[in-house]
Amino acid sequence: MDFKFSEEQEMLRRAVREFAEKEIAPHAAEWDEKDYCPVEVIKEMGELGFLGTIVPEEYGGTGMGYTARAVIIEEVSRYSAGLGIAVMTHSLVVAPILNYGTEEQKKKYLPKLATGEYIGGLASTEPSGGSDLVNQQTTAEFKDGKWVINGKKCFITNYDIADVTLLLTKTGVNEKGRPELTAFIVKKETPGFGIGHKEDKLGLRSSSTGDLNITDLKVGEEAVLGGRGEGQKIVLATIGEVGRSGMSAIGLGIIRGCLEEGLKFAKERELYGKPLTNLQAIQFMIAENRMYYEIGKLLTYRATTLKDEGVRCDVESSMAKLHNTEAAVKAAQRTIELMGGYGVINQYPVGRYLRDAMSTISAGGTSQIMEIVIGGDTIKNF
Ligand SMILES: Cc1cc2nc3c(=O)[nH]c(=O)nc-3n(C[C@H](O)[C@H](O)[C@H](O)COP(=O)(O)OP(=O)(O)OC[C@H]3O[C@@H](n4cnc5c(N)ncnc54)[C@H](O)[C@@H]3O)c2cc1C
């Protein structure tokens, strides 16, 4: 077993950390307060190659892979988990185009997505329930040589800023009598692509989340990704491995934020004439946060290392996502306690970390759904 990052990954981490300290940390509280998604920062990240790690060089990316992507998401989420989810979601259209797209689709979209010229999103959740992904009410009918799409999506990250969205639809019923789902690559400017209501979220407020109202949206056969009826497989694999490992990296960034902010506070704050770190009860809290971080790191980067090796990692990604998002909530709560009264003062960022952590739990699948995936696999294979 090799627990070391490569020199290339370490260099990337240093570069992203420097960027995050300069371009993200000073603004994160204001973006949260104003509920503002800083598109200009996402674009800048694209220009620096931070959005193209999973895209091979031949399509304009850096080809550094999923571990590199998680390093970037962790570093961004250390200061702004909201921006972290916007950046994370971008790859939920990149990965499926790369894995299931035709050569024409790859050439058309990947170079622009890799450099941030295009921002991406994925729309599967509907008001009928995100956990019941198969129960799609959005329909696509083939009429006069075009697919005509109608329906409503909700809770879609980047819904208003994504130039390209992967849209999951129902195109019929298959031979087993189950819904036949098909995924379409849709451009924002396509008539019928209606940008709807924006959600006023508890946390992750530096990302925009909202509804898409799709009305008589027409696309040709060239917009179908991976073939008719392949949508369920494509979207489940994308959310299961790319989405959940990405959400785990966001949780990891929040845990590190709690660890570092708590440590800094405890070293500076004096009680009984000595730093707070002298109290054993405070040392226990710091130890718990450190352990959460180290466990989370192992889980996240194990999943992404498997992904980079081409090994299936949906169960590992679910474990990392479940652990890190839940641990982020506990780490934030614990850090607020460690800080005494100061913990609830908004001048400190930890209250935001708690709101962000709470908001990561259902994104990409709830904790109960993670337990179903992990439990099912354990019963069958362990
Ligand atoms: C910040 C944020 C960003 C998001 N971004 C996107 C995005 O970009 N694209 C997108 O498509 N979606 C997105 N989502 C939606 C997200 O994927 C869904 O919220 C999630 O799948 C849960 O769906 P739901 O909210 O409809 O809850 P429901 O599915 O209605 O679940 C309600 C409750 O029932 C429980 N439950 C459901 N099924 C079972 C079961 N079988 N056994 C036990 N308990 C169960 C759940 O755990 C939960 O507690 C986002 C959500 C959030 C909060």
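This is a predicted model: local features need pLDDT of at least 70, side-chain atom pairs count only at pLDDT 80 or more; totals for chains, interfaces and linings use all residues.

By class, seven nonpolar, three polar and one charged residues make up the lining of the largest cavity. Rolling a probe the size of a water molecule over the atoms shows where empty space is left. A search of the whole structure finds one cavity of 30 Å³ or more, and the volume of the largest cavity is about 90 Å³. Its lining consists of Phe50, Leu51, Thr53, Ile54, Arg69, Ile72, Ile73, Val87, Met88, His90 and Ser91. Helix 5 gives the most, with four residues.

The open spaces may be considered next. The largest pocket holds about 1300 Å³ of space. It is lined by 49 residues, of which Ile239, Arg244, Ala363, Gly364 and Gly365 are the closest to its centre. The elements that give two or more residues to the lining of the largest pocket are helix 5, strand 3 (146-157), helix 7 (231-268), helix 9 (314-338), helix 10 (350-360) and helix 11 (367-381). Helix 7 gives the most, with ten residues. In terms of class, the lining of the largest pocket has 22 nonpolar, 19 polar and eight charged residues.

In the second largest pocket lies about 550 Å³ of space. Its lining has 16 residues, and the closest to its centre are Asp2, Phe3, Tyr301, Arg302 and Thr305. Helix 8 (residues 280-308) supplies the largest share of this lining, eight residues. By class, the lining of the second largest pocket divides into six nonpolar, three polar and seven charged residues.

From these spaces the account turns to individual helices. An α-helix has 3.6 residues a turn, so residues three or four places apart point the same way. In helix 3 (39-47), the residues Val41, Ile42, Met45 and Gly46 are buried. Seen down the axis of helix 3, these buried residues fall within an arc of 150°, and they therefore line one face of the helix. Their packing partners are helix 1 (7-24), helix 2 (28-34), helix 4, helix 5 and helix 6. Just after helix 3, glycine 49 adopts a positive phi of about 90°.

Helix 6 can be read in a similar manner. It comprises the twelve residues 103-114, which at 1.5 Å a residue should span 16 Å; the C-alpha atoms at its ends are 16 Å apart, in agreement with that expectation. Which residues of helix 6 are buried? They are Gln105, Lys106, Tyr109, Leu110, Leu113 and Ala114. Seen down the axis of helix 6, the buried residues fall within an arc of 120°, so they line one face of the helix. On the other side of helix 6, Glu104 and Lys107 are exposed. The buried residues of helix 6 pack against helix 3, helix 5, strand 1 (120-123), strand 4 (164-173), strand 5 (179-187) and strand 8 (224-225). Just after helix 6, glycine 116 takes a positive phi of about 85°.

Several loop residues complete the description. Asparagine 174 is located in the loop between strand 4 and strand 5. Its relative accessibility is 27%, so asparagine 174 counts as partly exposed. Leaving aside residues up to four places away in sequence, asparagine 174 touches Pro179 and Glu180. Asparagine 174 and isoleucine 119 are 55 residues apart in sequence, and their C-alpha atoms are 33 Å apart in space.

Aspartate 144 lies in the loop between strand 2 (139-143) and strand 3. Although it is not a glycine, aspartate 144 has a positive phi of about 50°. Is aspartate 144 buried or exposed? With a relative accessibility of 82%, where over 50% is required, aspartate 144 counts as exposed.

Tyrosine 272 is placed in the loop between strand 9 (270-271) and strand 10 (274-275). Phi of tyrosine 272 is near 55°, a positive value in a residue other than glycine. Tyrosine 272 is exposed, its relative accessible area being 73%.

Terms used:
Residues are numbered from 1 along each chain as its sequence is written. Side-chain values use heavy atoms; hydrogens and water are left out. The expected span of a helix is 1.5 Å times one less than its number of residues. Buried means under 20% relative accessible area, exposed over 50%, partly exposed in between (1.4 Å probe, protein chains only). The arc is that of the directions from the helix axis to the C-beta atoms. Contact means heavy atoms within 4.5 Å. On a 1 Å grid over the protein atoms alone, a cavity is a set of points where a 1.4 Å probe fits but cannot get out, and a pocket is an open set with protein on both sides within 12 Å along at least five of seven lines; lining residues have an atom within 4 Å of a point. Grid points are joined across faces, edges and corners, and a volume is the space filled by probe spheres set on the points. Ala, Val, Leu, Ile, Met, Phe, Trp, Tyr, Cys and Pro count as nonpolar, Asp, Glu, Lys and Arg as charged, and the others, Gly among them, as polar.
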